[in-house]
Amino acid sequence: MAGYGIIGCGYAGGIHADNLAGLPGARLAAAFDLDYERAKAFVRDTGAYAAPTIEELCSNREVEAVIITTPNNSHVTPAILAAEAGKHVFCEKPVALSLKDTKEMLDAAEKAGVHFFAAHTTNFIRGVQTAKALLAAGEIGELLMIEAVHTDWAGPQKTIGWKQTKEISGGHLYHHMHEVDLICQLAGLPVSVYAKGKNLAHHGDGCGDEEDAIFLNMELPGGGFASLTIGSAFRLGDHFVKLQGKTGGILMDFKNSFVRLENDRGETLYPMQENEAEDEERRNGYRKNRTDAGKGFGKPGMKTSSWMRTIFYKELMCFDEAVRTGNAVPGCETLLDGSAALNCVKVLDGARESMAVGLPVRLEAR
């Protein structure tokens, strides 16, 4: 039975711990948190060990793989320590806040001969997998353009959390990297990115220092284009990804929780989540969360949605398969070979540079 260690006993760590309990052949062996009392409470009644240091968790013989769920700027050290100790690494997104750090983590894993898994969760949504399959099957012909929007409104918070602090989270650009990853997964690493960003509406008490409106324009390797709008300054928010092809189009509507294919044969609708109950749960989440948006998501004590727990379980199964057999589940290859992590951070770093210099930035292939 594979033993897992969890580094970071917060919201995401709790989901992974619960899912480990239901994953055949896997168990929680140890956990670490900077708050040692929280780590002890985290493992209570599980039989797992509350490690006082990351080094001690990584040296534990019962730990075969490590799941890193700390804030975004603190993934590098535990990932390298785990790899050097011969442990497989599952790293929450974004894996790092710079390409340099990403490469260091991947190099450590490669040198140690262990797996490094980029936990880009959106890839495990049923509707995203459906859209990928439709595109690969030629249902919309050659892909020409991608339009992605992930916007909402967030009011001032009672306390400024780490997600609102750019030094820790990377701001909206890095923390909400899912659409950038999808663009790379669907079309490959963009040739260039031109980005603009500004904090338009969030100033004063309860507001962090991140840009609340960010716009990216990308040239795709096939000659087409992609655009992405993200941020929390949008009273009329939306969340979708549109794929425009020569013979049709695909809409992934996350807010209304469905996928629509349109081509010469007509229109076909597909579910976004695993079942109608999860689709309705997701729709209701957007309806109820109009003024707190992503700022409220993931706070301690927040109840996990069923659809979120499902996709976390699916990605954990993918990682566990690699840990147990050494093989990648079909469709998960880029999450295990380093290319998804590298491509995503290349675009994010390029966008950050573009916002600073006011010019397009060319992206280098691996």
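These are my notebook entries on a predicted model of one protein chain.

**Ground rules.** I number residues from 1 along each chain as its sequence is written. Since the model is predicted, local features need pLDDT of at least 70 and side-chain atom pairs count only at pLDDT 80 or more, while totals for chains, interfaces and linings use all residues; side-chain values use heavy atoms, with hydrogens and water left out.

**Overall build.** I looked up the secondary structure and got 14 helices and 15 strands. Both are DSSP runs numbered from the N terminus: helices are H or I with at least four residues, strands are E with at least two. The radius of gyration is 20 Å, close to the 21 Å from the globule rule for 366 residues, so the chain is as compact as a globular protein of that length. That radius is taken over C-alpha atoms, and the rule is 2.2 Å times the number of residues to the power 0.38. Along the principal axes, the C-alpha atoms fill a box of roughly 55 × 50 × 40 Å.

**Burial.** I find 55% of the 366 residues buried. Buried means under 20% relative accessible area, exposed over 50%, and partly exposed in between (1.4 Å probe, protein chains only).

**The sheet.** I traced 9 strands in an open sheet with mixed pairing, ordered β14-β13-β12-β11-β7-β10-β9-β8-β15. Its edge strands are β14 (266-271) and β15 (361-362), each pairing on one side only. Two strands pair if DSSP finds at least two bridges between them. β9 (residues 213-219) and β10 (residues 225-231) run antiparallel, joined by 7 bridges. Phenylalanine 215 has threonine 229 in β10 as its bridge partner.

**Helix α1.** I checked residues 11-21 and found 9 of the 11 buried, including Tyr11, Ile15, His16 and Leu20. The buried residues of α1 pack against β1 (2-7), β2 (26-32), α2 (36-43), β4 (65-68), β5 (88-92) and α12 (306-325); contact here means heavy atoms within 4.5 Å.

I noted a cis peptide bond from lysine 93 to proline 94, with omega near -25°. Proline 94 sits in the loop between β5 and α5 (99-112).

I also listed two non-glycine residues with positive phi: aspartate 45, near 70°, and serine 257, near 60°. Aspartate 45 is in the loop between α2 and β3 (49-50), and serine 257 is in the loop between β12 (248-253) and β13 (258-263). Are they buried or exposed? Aspartate 45 is exposed at 79% relative accessible area, whereas serine 257 is buried at 2%.
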